[in-house]
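Please look at the structure below with its helices in mind.

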Amino acid sequence: MIKSVISVMTAAVIGSGTIQLTASSLSATANALYTVRFLDFDGNTFYTLSVPAGQRIDSKILSSIDTSGLSRQLDTHTQQRFSSWWGVPDYVDSDVYVKPLSIIGTISLEKLPDKKQYFSLESDISKAGLVVNITLETQTGINADGSYITKKEYVDISSTCTLNCSTAKDAFKSDNKATVKIYPINSAHPIGNYEISYIEGIADVDNDDIITGSDATLVLREYTLLSSDPDNYKVDESVLKFGDMDFDGVITGSDATLLLRYYTLKSSDSEYTLDMFFDEN
Ligand SMILES: [Ca+2]
Ligand SMILES: [Ca+2]
């Protein structure tokens, strides 16, 4: 520590071009050496300077103090790090304690992504609706009673968060259910997770692995039969399960219309997925 104090003083004195001033201060007040103790967040001594009376603690001296050790995790998603020193005297005329001010950054998950169900393995896992914030609480001073003066600000970091799987193909490679983990950028610890599921076979009413006009025709046919005898006709289970395009639990004309519309859009754009369709309709 002595060596580092000397090197800091030397660097500060030479760097600031105040050799003469310091030398005269030293000779004039050779017997008056004061101790400046820089404290850590727990009030323990972090750094000590022995300073001649009248010495100025200027910004060069302060910036020479290595504060990289003044940083700690308060919990997995909360970090405290040094921001500035509080209580630095203009000129040293007694032993003095200097306290650290800090910035406390807390990452919080405010809202999960909206999309939980997927209908196509060609889809990307959507982050739409996700809200992750960092609350930055900056200490700007210390009151007479020892409490900190702080200011708070919120930074939305949703767009920089990543998911542990980016495509439905990846998420559902072994199961039709998956857990998606949300990672703040540069963090190995997820801020949250949620369940997604893959609903297989929607719109492929005849189960031939391709969605065509025939599927729409089947839905329309069921709806027509049902309309002609609503009290007794029992809708085909497969049509109800895979052809209920608006998910209202019954087969109506709008299911046939929706299926036909999807088929038409898919026909003109092979990249068009059921997820895009449901997200838009
Ligand atoms: Ca089909
Ligand atoms: Ca329906």
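What covers the buried residues of α5 includes α6 and α7, where a residue is buried if 20 or more other C-beta atoms lie within 10 Å of its own, exposed if 12 or fewer, and partly exposed in between, with C-beta atoms placed from the backbone. This is a predicted model, in which local features need pLDDT of at least 70 and side-chain atom pairs count only at pLDDT 80 or more, while totals for chains, interfaces and linings use all residues. Residues are numbered from 1 along each chain as its sequence is written, and chains are lettered from A and ligands numbered from 1 in the order in which they are written. Helices (H or I, at least four residues) and strands (E, at least two) are DSSP runs, numbered from the N terminus.

**Helix α5**
- Helix α5 has 16 residues and reaches 23 Å from its first C-alpha to its last, close to the 22 Å expected at 1.5 Å a residue, the expected span being 1.5 Å times one less than the number of residues.
- The buried residues of α5 are Asp-215, Ala-216, Val-219, Glu-222 and Tyr-223.
- Because these residues cover an arc of only 125° around the axis, they lie on the same side of α5; the arc is that of the directions from the helix axis to the C-beta atoms.
- On the face turned away from this buried side, α5 carries the exposed residues Gly-213, Thr-224 and Ser-228.

**Helix α7**
- In α7, the residues Asp-255, Ala-256, Leu-258, Leu-259 and Tyr-262 are buried.
- They cover an arc of only 165° around the axis, which puts them on the same side of α7.
- Gly-253, Thr-264, Ser-267 and Ser-268 are exposed on the other side of α7.

**Packing of α5 and α7**
- The two helices α5 and α7 pack at an angle of about 170°, with their axes 8 Å apart; axes are lines fitted to C-alpha atoms, for helices over the stretch in contact, and angles run from 0 to 180 degrees between N-to-C directions.
- Helices α5 and α7 are therefore roughly antiparallel to each other, a term for angles over 145 degrees.
- Among the residues that make the contact are Ala-216 and Val-219 of α5 and Ala-256 and Leu-259 of α7, and two residues are in contact if their C-beta atoms, placed from the backbone, lie within 7 Å.

**A loop residue, Asp-206**
- Asp-206 lies in the loop between β11 (192–198) and α5, and it counts as partly exposed because it has 16 C-beta neighbours inside 10 Å.
- Not counting residues up to four places away in sequence, Asp-206 touches Ser-214, Asp-215 and Leu-218.

Terms used:
Angles under 35 degrees count as roughly parallel, over 145 as roughly antiparallel, 65 to 115 as roughly perpendicular and the rest as oblique.
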